Amino acid sequence: MILQRYYDSKNHQKRSIGTGGIQDLKERIRQRTNLPLGLSIDTHGETFLSQEVVVNLLQETKQAFERCHRLSDPSDLPRNAFRIFTILVEFLCIEHIDYALETGLAGIPSSDSRNANLYFLDVVQQANTIFHLFDKQFNDHLMPLISSSPKLSECLQKKKEIIEQMEMKLDTGIDRTLNCMIGQMKHILAAEQKKTDFKPEDENNVLIQYTNACVKVCAYVRKQVEKIKNSMDGKNVDTVLMELGVRFHRLIYEHLQQYSYSCMGGMLAICDVAEYRKCAKDFKIPLVLQLFDTLHALCNLLVVAPDNLKQVCSGEQLANLDKNILHSFVQLRADYRSARLARHFS
């Protein structure tokens with residue numbers, strides 16, 4: 001009744017996502033993870049999770065555990081407590097949280113959507129809060145009733161399975177959300193970056209700061225970093241930021257390799273990468289910063305005088321890189337042929 005009242009208040013007709021139970025949950029996850037990304041619904045940013053509903057369900061269950069404790073014969077107590085727990089799992093974990101995760105996954109747009117509403121992180125944040133409440137009740141009200149019975153290991157196993165399956169869905173959703181973020185950055189770069197940015201018609205009339213594309217990408221990334229920090233806790237924040245940072249670096253690395261650079265254009269690319277690096281500092285992840293430090297050093301190859309190329313390539317930050325990577329950056333120079341720069345790599 002509590003759940004039905006909640007969905008009615010949202011004018012929401014629940015879609016059928018299965019009949020519940022661990023096996024069914026596993027099967028639905030297996031199907032969901034193999035689904036193509038194109039299958040999606042518009043949830044208009046609604047998470048379909050409610051802390052108020054959860055507190056009500058937990059309150060009902062708490063009272064049930066208390067009645068169970070008072071009214072059960074000692075020999076029946078663990079079995080009765082276990083039955084109450086399975087009802088809680090069915091309605092809180094499967095009918096409410098799992099349903100919201102399923103709906104949230106289906107609401108994640110494909111990675112090439114424009115201006116996508118990436119609200120799955122809100123689902124993550126609320127699901128985390130609910131997990132903590134569920135776990136607290138498990139420890140405070142169920143454990144004392146079953147701690148000395150064989151039902152203990154059954155309850156612990158059931159809880160472990162449920163949480164693992166949910167975490168799997170959260171991982172899938174976060175992964176797809178990160179793909180969407182990178183997709184948004186690609187759209188910004190494609191729309192804002194001009195070929196003439198890095199090969200200006202008038203070399204003497206360039207204001208060296210950074211390009212419009214860079215400004216917009218950095219603004220977008222900072223917003224996402226903030227959102228991730230607010231949506232997660234503990235080590236999860238670092239794990240997700242590291243993944244986003246590595247993908248962000250890969251995107252910029254590949255993006256820069258699409259252009260040809262004059263001397264002033266190379267200077268502008270260095271300024272852009274310095275901005276991206278500043279942005280990477282917000283992640284507070286050493287690996288991400290290191291990747292952008294190396295990219296910044298690589299961009300120096302676009303502007304260094306031909307005679308100094310060898311020296312720069314063997315400098316501290318580039319010495320350990322594959323020769324082909326260094327060569328691929330030097331090949332982007334507009335003077336690559338005229339200055340016969342290939343000879344430095346033969």
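**View 1. Area buried between domain 1 and domain 2 in the predicted model.** Between domain 1 and domain 2 an area of about 1100 Å² is buried, and carbon and sulfur atoms give 56% of that area. On the side of domain 1, the residues that lose the most area to domain 2 are Leu121, Leu178 and Met181, which together account for 50% of what that side buries. The structure shown here is a predicted model.

View 2. The domain assignment of the protein chain places residues 1–181 in domain 1 and residues 202–344 in domain 2. The C-alpha centres of these two domains are 42 Å apart, and the contact draws twelve residues from domain 1 and twelve residues from domain 2.

**View 3. Salt bridges and polar contacts across the interface.** Two salt bridges are found across the interface of domain 1 and domain 2. Arg247 forms a salt bridge with Asp175, with a separation of 2.4 Å between the closest N and O atoms. Six residue pairs, with both residues at pLDDT 80 or more, are in polar contact between domain 1 and domain 2.

**View 4. Helices on the side of domain 1 that touches domain 2.** At least two residues of this side are supplied by each of helix H5 (120–146) and helix H6 (151–192). The largest share of the side of domain 1 that touches domain 2 comes from H5, which provides six residues. Divided by class, the side of domain 1 that touches domain 2 comprises six nonpolar, four polar and two charged residues.

Terms used. Residues are numbered from 1 along each chain as its sequence is written. This is a predicted model: local features need pLDDT of at least 70, side-chain atom pairs count only at pLDDT 80 or more; totals for chains, interfaces and linings use all residues. Side-chain values use heavy atoms; hydrogens and water are left out. Domain bounds come from an automatic or database domain assignment. Contact means heavy atoms within 4.5 Å. Buried area is the accessible area (1.4 Å probe) that two parts lose on being put together, summed over both. A salt bridge is a side-chain nitrogen of Lys or Arg within 4 Å of a carboxyl oxygen of Asp or Glu. A polar contact is a pair of N or O atoms within 3.5 Å; within protein, one must be able to donate a hydrogen and the other to accept it, and residues adjacent in sequence count only if both atoms are side-chain atoms. Helices (H or I, at least four residues) and strands (E, at least two) are DSSP runs, numbered from the N terminus. Ala, Val, Leu, Ile, Met, Phe, Trp, Tyr, Cys and Pro count as nonpolar, Asp, Glu, Lys and Arg as charged, and the others, Gly among them, as polar.
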